[in-house]
Amino acid sequence: MTRPKLKPLALALALAGITALSGCSNSDGEDIIYGSLLKGPVDGATIEIVDAEGNRIASGVSKNGIFAVRHEGMAQTELVYIRARGGSYVDEATGETVDLGDAVMETVFTAEECLQLLENGEYAALTPETTLLARLVREKVAAGEAPVQALQSAIDLVEQEWIADTNPTGGLVSGDTLVRKGNLVQALADSPQQALAKNRAMSLSYLAQDLNLDPKDVLTLVEKAAEDLTDGTLEGKAGNQDLSLPAADGTSVPLAGVRDRYASARQTLFQNTMQRLAEGNLSDAERQRLAGMIADRQGAQALLAQLDRLAQQRQDAEAKVQALLADDDLVDLPLPTPLSDEDGNSSDNAATYSLTVQKDVPVIVSLRHNDAPLDVTVNMLRYNGGQLPPLITARRGDTVTVNIDNQLAEETTIHWHGFRIPADVDGGPDNPIAAGGSFSPTLNLDQPAASLWFHPHPHSKTGQQVYNGLAGIFILEDDLSIQLQTDNQLPGYPYDIPLLIQDRRFKDTDGNGTPDTMVYAESPRDIAMGMLGDRILVNGVEAPKLSVETRQYRLRLYNVSNARTYDFAFSDGRTFKVVGTDGGLLPQPVEVDHLMLAPAERAEIVVDFRSDAVNDKVVLISRAFLGAQMGMMAGAMGGSGMDGMSGTGGMGSMGGMSGMGGMNGMDGGGMGSGMDMMGTLPNGAAFPIMRFDVTTQAQDPVILYTALPTTADINTRWANDVTDTTTRRPFVMAMGNMGKMTGMGQNGDLAAGMGFTINGKTFDMTGDPDETIILNGQEITEVWEITNHSMMPHPFHAHAIQYQILDRNGREPSCADTSTEAGQAACIDMGWKDTVLVRPGETVRLVGRFTPVVNEGKYMYHCHILEHEDNGMMGVFEVK
């Protein structure tokens, strides 16, 4: 950096600095020290420069977070402290102006570093964490440590105990280190290190909000952290005394665990910024700050250009919604018909069904082309040769036998997704059904009512077989769900509608201008990011309509896409109530205006049409969200942000990724080259899904339940059984060696060297289990800690049982306050889960209970982006 020219304001500030400061000037006699002061930009703080003994030798005042102090000389000293007392800033989380009173922020330099600041015209940076640093240095010097050594050891301590492993980008942006130099209040950061430092400073506002602290008490937090770190470990204690912080309501907050919540706060700030990016709601300053995470200016400008393209895509999506509302030629939504019990007795608690796995079944797929229906016949894989996937219904306590006949030319399986059953009937890749073979599993159903499903799970072929048409619905009822419907506390048939939502890619192969062929995995990027289509199908139809009455409807949303995540909402912004997750009903309905579902996740929602008039129409949409935006950042960054990641827990050898542009066969500009980087519809893009037409006035007797009875299974919280002796298992999902992707293998798999890993390992079906659970004849409760150390979200799915979420980035599930979006998400996290979305840098802890006899044998855990699963992001756990 060259010495900045003073603007009039900075010049005035510089001239206001009057006190002598000797011995710390450059060879040219330049005598101005510049600085930036960031919590938010702090205005009106009194600036003091002091020597190691605390003698004030220069002063000034900050303006909008900037200061400049003139000096003439200073006695020799090893350390120089720069302090800022008082002032005010606008809190990022609350928007309130915070008066710091007598609170002090500061930083510290060696005399040599001070000289370098002057010679280079650099800014000193004051933040809460440099304040933590300065206080640790004083303590170390007071304890007899040499000043320069004290400074270095304090830097190491802050980085290790406060900053390490809290990077909200999951390592996509490297350089998450302590920053003591730079203008941190300017819109566009000079480096990723500065951009991350700004994220850390501002994240403290979200941490204070989360802890119910007064915003200015973030500096009290710094004081307590310094006290805590005197023994070299941030553990919430000073000696044997527990440390706490004063909450705004007069209670106290333990310091223990605050660092994990700080990591969560950083994640919240970054995710919120990226979500507003997706929605087009970023301010110019936020756009510049995001671009500041890119190391080179060319990459930063490329990202800003991508943001403009994303904005155009949002406008196009809104235009499609309006066109769909006006369209009078939509196809009716087809609904699946339940299979019939083949044992001849429909009244007992046993049933038999047959599933014949067939190839080259001519399926008519209704698409939209030029605003009109277009029927395309696709030879697909199907169960029983049907146009729609099959539907099986059962009741808790039933015994269901399924006769499976594999007529494919390759092996397959049927995995019963979300079922609590033994491994020998679970349908994992270790129990294949050979070509021409058969298998008749018997399922003893003992779990709550749920929207379950089934699909193939053959090793390395799951994605291809699911994409080409193999999937089915399994709706399980129980006494409670049936009673709720009987008592009109939950909509039932015919107002209970399953919606299988999936994306598929169609091409015009004969050159007549119309799509005629469904294609799969055309390039390595379809494996790297998962197979994404360009058309959204609901029960096999693109943009269908469903005629509804003026009453409440229960929609079972199934995300059966290979890789796409949806953020479901309605075009008019109406709210709806989430009543169920993967494995059953929620303890209480949760009112939301949108709901995100990753691949394999399900949800039951109740939509209220009672206030609509006949002829009203509304469109189910997927909102724009953080998805492709991370890829855009990766593409804009080139390889600059990846070189800091190593080890089995990180992205390993991704240092040479060059934004994944090094993948042969990908767009020349890498992932960030355009909005069509993953087909024409990126993950995270906005689009319409289907339309609801209000056609009939009706009276609705349903008054939705407000709480399940205390005896409901979900109200037994397994978190209460977690103790210090509970087994905890870490599962770290990562992607590595992306630069080695040279093409598709013979079977559609990736070239050798590509790495999708869990705990640093790729799937090995012939080896020993990765994890072993010994039951010893009794139920065992375990905690599984799922961490994502990659640049993209991964849905983690585990077989064998339904799980409960213990916490997400340290935040426990709770329905105590559903007035905020975070509170709504925490309440939905109370539900049964077999698949959970884990975002970059995020940690989700699950608690599971394994039962003898019911759980026995080898099961799978894996990413449910099917192409990731097929290429190694999967492991085996054995229950004995």
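Why does F419 count as buried? Its relative accessibility is 1%, so F419 falls in the buried class, where buried means under 20% relative accessible area, exposed over 50% and partly exposed in between, with a 1.4 Å probe and protein chains only. W416, at 0%, counts as buried as well.

Before going on, the basis. This is a predicted model, in which local features need pLDDT of at least 70 and side-chain atom pairs count only at pLDDT 80 or more, while totals for chains, interfaces and linings use all residues. Residues are numbered from 1 along each chain as its sequence is written, and side-chain values use heavy atoms, with hydrogens and water left out.

Now the rings. The structure holds 28 aromatic pairs; rings of Phe, Tyr and Trp (its six-membered ring) pair if their centres lie within 6.5 Å, with planes under 30 degrees apart counted as stacked, over 60 as edge-to-face and the rest as tilted. One of them joins W416 and F419, edge-to-face, at 5.8 Å between centres and 70° between planes. For F850 and F877 the centres are 6.0 Å apart and the planes at 65°, so this pair is edge-to-face. F850 lies in strand 43 and F877 in strand 45, 27 residues apart; strands are DSSP runs (E, at least two residues), numbered from the N terminus. Both F850 and F877 are buried. They also belong to a cluster linked by ring pairs, whose members include F731, W784 and Y803.

Last, strand 29, residues 566–570. Five of its five residues are buried. Y566, F568 and F570 point one way, D567 and A569 the other.

Notes. Helices (H or I, at least four residues) and strands (E, at least two) are DSSP runs, numbered from the N terminus.
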